[in-house]
Structures are given as C-alpha cells and as structure tokens.
Amino acid sequence: MRQPLLTSTASYQALQTHALDAKQWQMRDLFAQDPQRFERLSADAAGLFLDYSKNRLDGRTLALLANLARERGVERLRDAMFAGEKINLTEHRAVLHTALRAPKDKQITVDGQDITHDVHAVLERIRTFSDAVRSGQWRGHTGREITDIVNIGIGGSDLGPKMVCLALRQFAHPRLTMHFVSNVDGHDMDAALSRVNPETTLFIIASKTFTTAETMMNANTARSWFLKHASAQSGEQALAKHFVAVSTNVEAIKKFGIDPDNMFPFWDWVGGRYSVWSAIGLPVALCVGYGYFADFLAGAHALDEHFRTAPIEQNLPMILALVGFWNREFLGCPSVSIAPYHQDLNRFPAYLQQLDMESNGKRVTRAGDIITDYETGPVIWGDVGTNGQHAYFQLLHQGTDVTPIDFIAALRPAHEFLNHHAALLANCFAQSEAFMKGKMADEVRLDLAGQGGENSAAEIERLVPHKTFPGNRPSNTILMEYLTPATLGALIALYEHKTFVQGALWDVNSFDQWGVELGKVLAKKIEAELNGASHPEQHDGSTNGLIARAKAAI
C-alpha cells in the first residue's frame, strides 16, 4: 500500500516549521529555563533508563514527533508485526523475532499455524545439548571433554552470538573458550584453528540453507583440517562428535557428515540480524548456560511488551527512534556514534551497525518509489569509552559535522576495582555534559587569564578559537544497574524496535537486504577468473587491471 509522501504530511511540515526555531536553541538555555528538564525528558522500562534531555528539543518537539508517528501508522505497523502479518513485503514474510523470546503460553500464528510450540521445541533441544556439552556428558571422538567451540557463520550468524558471548563474559563456563570465524579471508580461520585441538573442539556451522558461500568455504576448510588432524582410526565417523549445524537443509548437513539429530532449525520469518534469539544463539547457551540464555530471552520479551503496550510518549524505543529521526531529518546529523562505557560491550557498536544500516540503508519506499526529498538511515559507528575519547572524540567535539552519541553504561560493575568504575562513569557523564555545554570563548579567556603571566593578552586571543567548544551537540544516555543477560536482552530489543520505528517513519522495508547480493554475484564470477576456471570477462578497466595483477601474483 502506497503511503503519502513523508514530506507532504501535515505533521512533517509542522516539524519543519518548528525546526526553524529549534535550530537556534542552545541546550544550556533549555536546562536553565526548565529545572525539571531531566525528570521530564527521561524514562525507564525493562531494567533500562533513558535520559534524552541532552537533545535540542522540548515538549513541543516530542508532541509533534508523536503526531508524525501516528500519522505514519507506526503503531498499526507495530501491531501487524507482532500479529505475524507479512510486513516484509519484498520477500513475502512475517517478521517475528519477537516470537523467539515469547513465553510458552503465548499463542503466535503464522499462516494459520501456532509457531510457539515449534519455537520452544527448538529451545528445548538447545537446552539439552548445551547442558550435555557443559556438563562433560558430550565428548569428542577420543572421549575427551569439549574445551573449545568454533562458531562458523557470517553477518547475523556471527555478529550476534559473538557480541553476546563477549558481553556476558562474566557468566561464561570456565572450561569453554569461544571462537568465531566469519571472514572468508583465510587468516581468520588460520587464527582460530591454530588455537584449538581437534580432539576437544566443537564446530557450529550456522547457515540456514547450508549454501552461504563464505560460511561453507570456512566450514569445508574446518572439516578438512579436522579430518587431517583427528585420530586416523576414527575417520569421517568422528565428524558427528565435533560438528553441529544451525540450518534447515537436512540433506546438505548429512552429506557434510553432521548427524541430523544435531541440527538446530530456525525459520524464514527470522531475519539474520534479528536471529541471535533463535538457534543462532546456540553459542550463547553453550557459553553461559541455558538458564542465563533464558534470562536473555526474558529481558528482550520484557522490552517487547513495553514497546507493544506503552503509549508513544512513554515508550523507550519510540522515544529513541523519534529523537534520532529529529536529529537526522531536521538537524542534519549524518551519523550516530555508539559509546558503550563497558569493555564487555566492545562489539555492540559493530552489532548495531548491521542492525541499523542493513535495515534502513534503503533508497526506495515500501511501494518501490525512489526517495528523493529526505534522508534515511544514518551511518552507525563507535567504540567503547574511554578509548573513543582518545581516538575520535576530537572530531565529535570540534568537527564540522554534528554527530549525536548514545552513551551506554552500567551503574554497578562486575569486578571489585571500584575506583576504576568511578573513573569510568565520571568520564561517561563528563563527556555527555561537555558535548552539551561546550566551552564558550569568554570561558576560555577566563581560564587562560587565570594561569597568570604565562599567557599574554595576544597569546590568549590566539588560543581562544582553538580551545573553544561549540557544544550544543546531542546525546542520549542509557543506564542499567548491572550488565546481565536480562538487561543485555532488553538493550538489544530496544535498538531493534528503534530501528523498526525509524524504518516505518521513512516508509522503507527494514527487513530485506538486497544491497548485500550484487557484490556476491560479481565475486563468484571474478573468483572463477582468478582460479583460472573461466576466461576473464570484460569488466571495467580498473577491475580488469586488478584481476590481472592478482593472477600474476597467485
């Protein structure tokens, strides 16, 4: 169904008019004028607290944004998603990652079939298998306990479980070491295999169709390595003790040497970047145990219920999305930096890159019309604090682009070095204050003059522009008590739903990824040419030249 053009709606036009005033606001003044600003522009749900007061907006802005969300049918599309309607229009699929974390007694239907039973049947298989490996009941072909787990996947089959296992390091099994191989670059596989013993290693091959090019190349390399190094008398029979699959292609996994009993399925209504809650999360259950994996699912479900039921004005994903939409669409911010002040969340920015940019990096509407008069998804990037402060925060403070930042922190650490944690939180809160307040020229002059005779009047004036910070740069701060499986689940779900809301506002399909495919198709042709299996085709001059240089070197 073709929606009215975003920019033609009354709500959008009201926001455009409002933005003419808002662009002149200084956040310093907004805080001075409203002592209750922090209390009014913050909210909490599912163990998460969101402070969005350090944005260039006010109550009127939020009311106008909420009107736009209603006019664009965001709530209606949200309800359609939860109801299992096929809102992924280009692939004719439902979008039901939320069903993966729903309780047993919640009936969810796709094509007239209740899928909750199927979901929990797979979860039970994950529980049984993960318990067996962790307890030592499942052993390798020589009878030794499993000590290393190598997950082979790509995209969502790698980024999700890798990020979560790292984030939940404090809950990991002491005997098991997790490894993740995704890159077709052989250096990735070489690094993993050099650290493991074939007698005590379990490989997880994560590919729904068991045909994903990069994953299957890595899987076959791991298979050959295992057979080369495994006990000679065991042969291919040993594969079944060391390889399991997250897939739906029974014949392909049997041919590979994997026992069908060790196949963990998932469904076409689960997109790759939303799949860590499914059998793709098997490495998480192995790493932290099924009980904590269940807590992870429950935390996400709590946020789902909040998103599904809370009014827009008190709804965390709605608020986060609307604030981001305002910054992108009306204040001209081309990117968002993610700054987790928690070392264990070091892969969270990369995870959000795929979640957001693969979802909303689109240039056509759901009806197929080319978007020409507004911007869609921003660039998502970042790193952990305090590392980012000593790398790229310079540009964020004084560069020509304004980049909103999401600060993320846990109020309590999972370690005993309390002085470290106080320093960490101090840096987090100070940076958000500095981005908002900046440092004005008169303040710089006072500081420099206060240093006594060290600086002459001329030297002070020379330094003032270099030491002035414009401030007025937006940020959100998301806090949790501890980083636990439940709060991590809620945090991921928060960003999933934020991404969904923004896609609905922009009228793009957030659940396909056709942009991933073109390069893959061309790569197959060039790979055949590099291997000599086919004569080089006529590419452009640059590509022909690159192929020629590579062939000469191989």
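The following dialogue concerns selected features of a predicted model.

Visitor: Why is Met-318 called buried?

Guide: Met-318 has a relative accessibility of 0%, and buried means under 20%; therefore Met-318 counts as buried. The residue is found in helix α13, residues 316-329.

Visitor: Which residues does Met-318 touch, not counting residues up to four places away in sequence?

Guide: With contact taken as heavy atoms within 4.5 Å, Met-318 touches Val-74, Glu-75, Arg-78, Phe-307, Ile-312 and Val-501, residues up to four places away in sequence not being counted.

Visitor: What makes His-18 count as buried?

Guide: The value for His-18 is 9% relative accessibility. The cut-off for buried is under 20%, so His-18 counts as buried. This histidine is found in helix α1, residues 10-22. Residues up to four places away in sequence aside, His-18 touches Trp-25, Asp-58, Arg-60, Thr-61, Leu-64 and Trp-326.

Visitor: Why are β1 and β11 said to stand at the edges?

Guide: Six strands form an open sheet of mixed pairing, in the order β1-β2-β13-β12-β10-β11. β1 (42-45) and β11 (379-382) each have a single partner strand, so one side of each is left without a neighbour in the sheet. From one strand to the next, the twist averages 20 degrees.

Visitor: How do you know that β10 and β12 pair, and in what sense?

Guide: Pairing requires at least two bridges, and strand β10 (residues 335-341) has five with strand β12 (residues 405-410); therefore the two count as paired. The sense is parallel. Within this pair, Ala-339 stands opposite Phe-407 in β12.

Visitor: Which helices lie across these strands?

Guide: Helix α14 lies across β10, β11 and β12, running at about 175 degrees to β11. Helix α16 (residues 418-437) lies across β10, β12 and β13 (475-480), at about 160 degrees to β12.

Visitor: How is the packing of α7 and α14 described?

Guide: Two packed helices are described by the angle between their axes and the distance between the axes. For helix α7 (residues 156-167) and helix α14 (residues 348-360), the angle is about 145 degrees and the axes are 9 Å apart. The crossing of α7 past α14 is left-handed.

Visitor: Which residues meet where α7 and α14 are in contact?

Guide: On α7 they are Gly-156, Leu-159, Gly-160 and Met-163; on α14 they are Phe-348, Ala-350, Tyr-351 and Gln-354. Five residues of this contact are nonpolar, three are polar and none is charged.

Visitor: Which way do the side chains of β8 point, and are they buried or exposed?

Guide: In a regular strand the side chains alternate between the two faces of the sheet. In strand β8 (residues 243-246), Phe-243 and Ala-245 point one way and Val-244 and Val-246 the other; all are buried.

Visitor: What unit does β8 make with α10 and β9?

Guide: β8, helix α10 (residues 250-256) and β9 make a right-handed β-α-β unit.

Conventions:
Residues numbered from 1 in each chain as written. Predicted model: local features only at pLDDT ≥ 70, side-chain atom pairs only at ≥ 80, totals over all residues. Heavy atoms only, no water. Axes fitted to C-alpha atoms, helices over the stretch in contact; angles between N-to-C directions. Helix = DSSP H or I, 4+ residues; strand = E, 2+ residues; numbered from the N terminus. Left-handed = near helix turned anticlockwise from the far one by under 90°. Nonpolar A, V, L, I, M, F, W, Y, C, P; charged D, E, K, R; others polar. Buried < 20%, exposed > 50% of the residue type's maximum accessible area, 1.4 Å probe, protein only. Right-handed = clockwise from strand over helix to strand, strands pointing away.
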